Amino acid sequence: MKTLWRDARLATLAGAQGWGLIERGAVVTEGETIAWVGAESDLGAGLAVDAEHRLGGALVTPGLVDCHTHLVYAGDRAREFELRLQGASYEAIARAGGGIRSTVAATRGAGDATLFALASERARALQAEGVTTLEVKSGYGLALEHERRCLAAARRLGRELPLAVRTTYLGAHALPPEFDGRADAYVDAVCAWLPALHADGLVDAVDAFCESIAFTPAQTRRVFDAARALGLPVKLHAEQLSNQHGAALAAGYGALSCDHLEHLDDAGVLAMAAAGTVAVLLPGAYYFLRETRLPPVAELRAAGVPIAIATDHNPGSSPTLSPLLMLSMACTLFRLTPDEALRGMTVHGARALGLADRGRLAPGQRADFAVWPHEHPAALAYAFGQHPRVRVVVGARDVAPAR
């Protein structure tokens, strides 16, 4: 089916920088793919289409890509938020048995239907702010049965909701209570579970939390070796709370992305640049944990490292479901430009997932885009908290995300 979308202000992001604005532009889609983009005045006089949509001069951008989420879990950690405000650190709460472990207990105790219903509601909230592709990590099961359940719920989101979902195995997220004092044995288990989960078609990439309160670089390397043996790409929670030199380690494996990066050093920046690894910045976690050390944005920029932005939705450190707020925070907290922030949740967000077929309005790209009631794309980062009514198009089909 060939469809014409006309009378729009297009922010194509098609070049290496800048908005790629086309005033009074048009998009022609064939099936689920963009066939043509340009000024409406350049449309051929005899163009035959099966359907036509007039967009009334609205702003059109590529669909947003949320490349780092933890959508599948049960329970919340509001009490921990209160404790942190009273002076307890994230690390202290985790070491006392709270943190990720408390979410693991709630997730293991929830049924499959409950896990899917909760994740579906969260995914729809993201889509209501323009998200058309998202990543979902496991990591709140921490046992083969429960990691499988979480990954299966994420796969089901992609089948039953009108959006694309990529799954990431994060078995090396935290040490479950049954492995207390036996971190190496748990890493053995994480590696042993991976082939079965991959054989079930549940894993697109493999992640780990390389940190003083989680897993060492040596343990992370073992997880990555297991991923490499199966031909799976890797990602890493790196340099969030301290410098474990995880980013350089991950870059050595050609990692798709390294995420957080507040404590990233120059060697890590250069290693990521050489590997083409994307830096995924997570302003929600930075804000929520009241961090004070900024990621080295200027150094990443200077080295040519692509910078992505994501919500990092999770119950402990970034419970937001607003990608637009993340665009604004990326500008105000991390000093990205509005153009950089939007590219971070489109072009570079897609790259962080290993996807080259989305993130721009250009021929050959998937016909995933968002139609906004704004005159200029900078308003997406500027108008924080306003929840604009957005029209979301996935594979050239209108979807109706619930508010």
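Tutor: What follows goes through some of the salt bridges one by one. The model is predicted. The count of salt bridges comes to 25.

Start with Asp 204 and Arg 166, whose side chains meet in a salt bridge at 3.9 Å, N to O. Asp 204 lies in the loop between helix H6 (183–199) and strand S8 (205–210), while Arg 166 belongs to strand S7 (residues 164–172), so this pair ties together parts that are 38 residues apart in sequence. Asp 204 counts as buried because its relative accessibility is 16%, and buried means under 20%. Arg 166, with a relative accessible area of 28%, is partly exposed.

Another pair is Arg 301 with Glu 340, joined by a salt bridge of 2.7 Å, N to O. Here both partners lie in helices: Arg 301 is in H11 (residues 297–303) and Glu 340 in H13 (residues 338–344), so the bridge ties together parts that are 39 residues apart in sequence. Arg 301 has a relative accessible area of 38% and is therefore partly exposed.

The side chains of Asp 398 and Arg 391 also form a salt bridge, at 2.8 Å from N to O. Asp 398 is partly exposed at 37% relative accessible area, and Arg 391 is partly exposed at 28%. Salt bridges can also share partners: in this way Arg 6, Glu 40, Glu 52 and Arg 54 are joined into one network.

Methods: Residues are numbered from 1 along each chain as its sequence is written. This is a predicted model: local features need pLDDT of at least 70, side-chain atom pairs count only at pLDDT 80 or more; totals for chains, interfaces and linings use all residues. Side-chain values use heavy atoms; hydrogens and water are left out. A salt bridge is a side-chain nitrogen of Lys or Arg within 4 Å of a carboxyl oxygen of Asp or Glu. Helices (H or I, at least four residues) and strands (E, at least two) are DSSP runs, numbered from the N terminus. Buried means under 20% relative accessible area, exposed over 50%, partly exposed in between (1.4 Å probe, protein chains only).
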